[in-house]
Each structure stands twice: as structure tokens, then as C-alpha cells.
Amino acid sequence: MSEAPHLTFDLDKPGISNGHLVVPKGVDCEALSLPVFSLNKGEGPRLLITGGCHGDELEGPIVARRLVEWLPEAQACGRVVIAPVLNPPAVMACSRNTPTDGLNLNRVFPGRSDGSVTERIADAVSHILLPCADIVFDLHSFGLAWDFPPSSTTHPIADPVLMAKTLQMAEAFQLPMTLVWEHPGSPGMFDTLAQKQGKTFVCAEFGGGTVSFDAIAIYEAGLRNALIALGLVEGKPEHPTFRHRKSTQTLETRRSSDELKSPARGIFEPRCSVLDEVKLGDIIGAVYPMDSLTAAAIYIRAPQTSIVYAIRSGTYVDVEEGVALVARPLNH
Ligand SMILES: [Zn+2]
């Protein structure tokens with residue numbers, strides 16, 4: 001019988017602890033050791049910060065790693081547990097999914113102790129890390145193929161009290177954008193599991209494309225703003241500027257109308273930038289079929305007056321593959 005997932009240190013120990021979350025070995029690979037930092041200053045909020053769920057989203061692990069450096073000087077109370085890299089094999093491969101089993105970690109929660117490596121990671125995170133917190137910040141970004149503004153995001157939650165609390169926490173990041181995102185109801189997401197347990201769960205989505213110095217600075221400021229709002233850290237929030245916008249705005253996007261897909265196979269060309277305002281019929285992008293040069297370009301048009309929230313970089317897309325996401329101001 002293999003060992004159970006465990007931490008190599010006692011989370012209740014006061015002060016700083018550095019160790020690992022051990023994910024037991026299975027038939028497909030040896031045991032994994034995920035680095036975990038904890039700073040326990042007694043009474044106060046219990047916060048878990050995770051990054052590196054998707055291996056091609058490296059802003060989260062970078063910001064989490066920077067936080068480990070400055071938090072010991074700054075944290076006033078409560079307990080913060082930081083796991084910058086939840087999926088080391090995916091991060092090492094710079095791949096969204098785990099190379100060993102091809103699974104997306106954010107679709108297999110709560111995982112299985114006797115499953116493949118991605119399922120064992122989810123099982124260890126669900127049973128060892130998640131119970132230690134009431135609030136979770138999961139640091140994502142949009143990977144290499146999209147452009148996405150610095151945002152804190154949440155999905156619609158059936159419980160109105162938890163929804164209000166979660167939205168308030170997301171807005172406390174004071175990032176340029178906050179997004180309530182009606183997501184395809186994919187099973188196995190980390191946020192759904194945490195919310196079922198009554199926890200406040202906010203996802204930070206940190207841009208996309210290249211990992212830029214400017215984006216990292218904005219995201220780190222957002223995370224610090226959230227820590228200030230929780231009373232974990234003292235200080236004044238900063239309002240980072242993004243593409244000349246200094247204010248923050250909360251938008252929503254609906255699954256049925258706001259996710260734009262390519263009707264054909266071909267190379268996608270973006271024709272606008274994130275946060276551009278578009279009207280019904282405006283061209284957002286073009287898809288060029290490449291198998292025949294007599295086939296006309298296909299234009300992706302705005303379905304209504306909205307703001308372009310996310311857009312694919314120039315890339316080859318398949319039929320029904322998402323190429324853009326539009327959004328509208330949220331009526332609170
Ligand atoms: Zn992600």
C-alpha cells in the first residue's frame with residue numbers, strides 16, 4: 001500500500017514553515033514533492049494561495065514566489081499558505097495539461113488517491129491544502145495563445161451570500177478588471193469544490209501571451225491589495241494602470257452569447273485588442289481557410305455592443321474553437 005498524501009511540516013506551528021506537500025507515487029510516476037510555504041501568525045484570516053495549476057501559466061508561480069520573499073516582513077496576523085506550483089510536471093513541460101496522463105488538473109478535482117498523477121495531485125490538494133483555508137486565491141493566466149487583461153475572476157455561484165462575498169473579495173484586488181464569468185459547467189474545477197465547502201475562491205487571470213515585467217507588477221499589486229483588504233497586511237492599496245486605464249471595472253460574460261467561436265478551420269487574425277469597445281456587427285477577427293486560396297476569409301463579428309475581453313493571438317484554429325470573449329458591465 002502506498003503512503004497517504006501529507007505535508008512534511010505541521011501547519012499549526014507558529015511562524016514560518018517551509019516544506020513540501022508529498023503526492024504519493026502511483027503506477028505512472030514516482031512521488032512528487034510540491035514546495036509549500038506557511039506563515040502562521042495566529043488569529044485572523046486563513047488564506048491559501050496556489051499557482052501553477054496549468055503549466056503554461058507562469059505569472060502565478062512567479063508572483064507567488066515573490067510573495068514568499070516579502071510576506072514575512074509584512075504579514076500582521078492570520079495564516080497564509082502558499083503553494084506556487086501545484087502541477088510541477090506540467091510547469092516543467094510548459095504545458096497546460098500534465099504530459100504523463102494528458103489531464104487538465106483544473107478538471108479532475110477532488111481527484112482520486114488511486115488515480116493517475118494529475119488525479120493524485122488533486123486528491124492531495126483537496127485533502128491536505130484546501131482544509132487549511134477559508135479563502136483561496138488561485139493564480140492563473142491565459143497561457144500563450146490568448147491576450148487577456150489583468151483580472152480577478154469568479155463564476156456565478158448559486159448561493160447569493162457566497163456570491164456577494166466572493167465578488168467583494170474579487171473586487172478587493174482592485175485590478176483593472178473584475179470579471180463574473182459564466183463558464184462552461186465543466187466538472188472537476190478547483191473553485192467549484194472550494195465553493196461547495198463554503199469557501200471564498202477568487203481566480204486571478206494574469207494576462208497571457210508573453211510573461212511581461214509590467215503584467216507581473218500589476219498582478220503583484222492586485223494580490224497585495226487583496227491581502228490588505230483581508231487585514232493580513234497593512235498599507236494602502238495601489239491602482240495599477242493598464243493600457244491607460246486607471247480605474248477598475250466589473251464586467252460579466254455569459255456563456256451562450258459572449259463566447260465567440262470559429263465556424264471554420266484556418267488561421268485566426270485578431271482585428272482588435274482587449275478592452276476595445278465594439279458594436280453589433282463590428283469585425284473582431286478573421287479566419288483564413290488555408291486549404292483553398294479561393295475560399296473567402298470568414299469574419300468574426302461582435303454579437304452586440306460589448307467590450308472585447310479576451311482574444312486569441314494569431315494561431316491555427318479548429319471548427320468551434322474559441323477565438324474571443326466579449327463582456328458587458330455587471331449590474332450589481
Ligand atoms: Zn489556468
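Trainee: How do S15 and S16 pair, and over how many bridges?
Mentor: In this predicted model, S15 and S16 are antiparallel partners joined over 4 bridges.

Trainee: Which residue in S16 is the bridge partner of Ala286?
Mentor: The partner of Ala286 is Tyr299.

Trainee: What sheet do these strands belong to?
Mentor: They are part of an open sheet of 4 strands with antiparallel pairing, in the order S16-S15-S13-S18. S16 and strand S18 (315–317) are the edge strands; each has a single partner strand, so one side of each lacks a neighbour in the sheet.

Trainee: And what is the twist from one strand to the next?
Mentor: The average twist is 35 degrees.

Trainee: Where is Leu293, then?
Mentor: Leu293 lies in the loop that runs between strand S15 (283–288) and strand S16 (298–301).

Trainee: Is Leu293 buried or exposed?
Mentor: Leu293 is exposed, because its relative accessible area is 79%, and the cut-off for exposed is over 50%.

Trainee: Which residues make the nonpolar surface patch?
Mentor: Leu293 makes the patch together with Ile267, Met290 and Tyr316, and the patch covers about 450 Å².

Trainee: Changing topic: how many disulfides does a search of the whole structure find?
Mentor: The search finds 0 disulfides. Cys53 is in none, and the nearest cysteine sulfur, that of Cys203, lies 8.2 Å away. A disulfide would need the two sulfur atoms within 2.5 Å.

Trainee: Is Cys53 buried or exposed?
Mentor: Cys53 is buried, with a relative accessible area of 2%.

Trainee: What about Cys272, buried or exposed?
Mentor: Cys272 is also buried, at a relative accessible area of 15%, since buried means under 20%.

Definitions and conventions
Residues are numbered from 1 along each chain as its sequence is written. This is a predicted model: local features need pLDDT of at least 70, side-chain atom pairs count only at pLDDT 80 or more; totals for chains, interfaces and linings use all residues. Side-chain values use heavy atoms; hydrogens and water are left out. Patches are made of residues with over 30% relative accessible area and no salt bridge: like charges are joined within 9 Å, nonpolar side chains (Val, Leu, Ile, Met, Phe, Trp, Tyr) within 5 Å. Accessible areas come from the Shrake-Rupley method with a 1.4 Å probe; for residues, only the protein chains shown count as cover. A salt bridge is a side-chain nitrogen of Lys or Arg within 4 Å of a carboxyl oxygen of Asp or Glu. Helices (H or I, at least four residues) and strands (E, at least two) are DSSP runs, numbered from the N terminus. Buried means under 20% relative accessible area, exposed over 50%, partly exposed in between (1.4 Å probe, protein chains only). Two strands pair if DSSP finds at least two bridges between them. Axes are lines fitted to C-alpha atoms, for helices over the stretch in contact, and angles run from 0 to 180 degrees between N-to-C directions.
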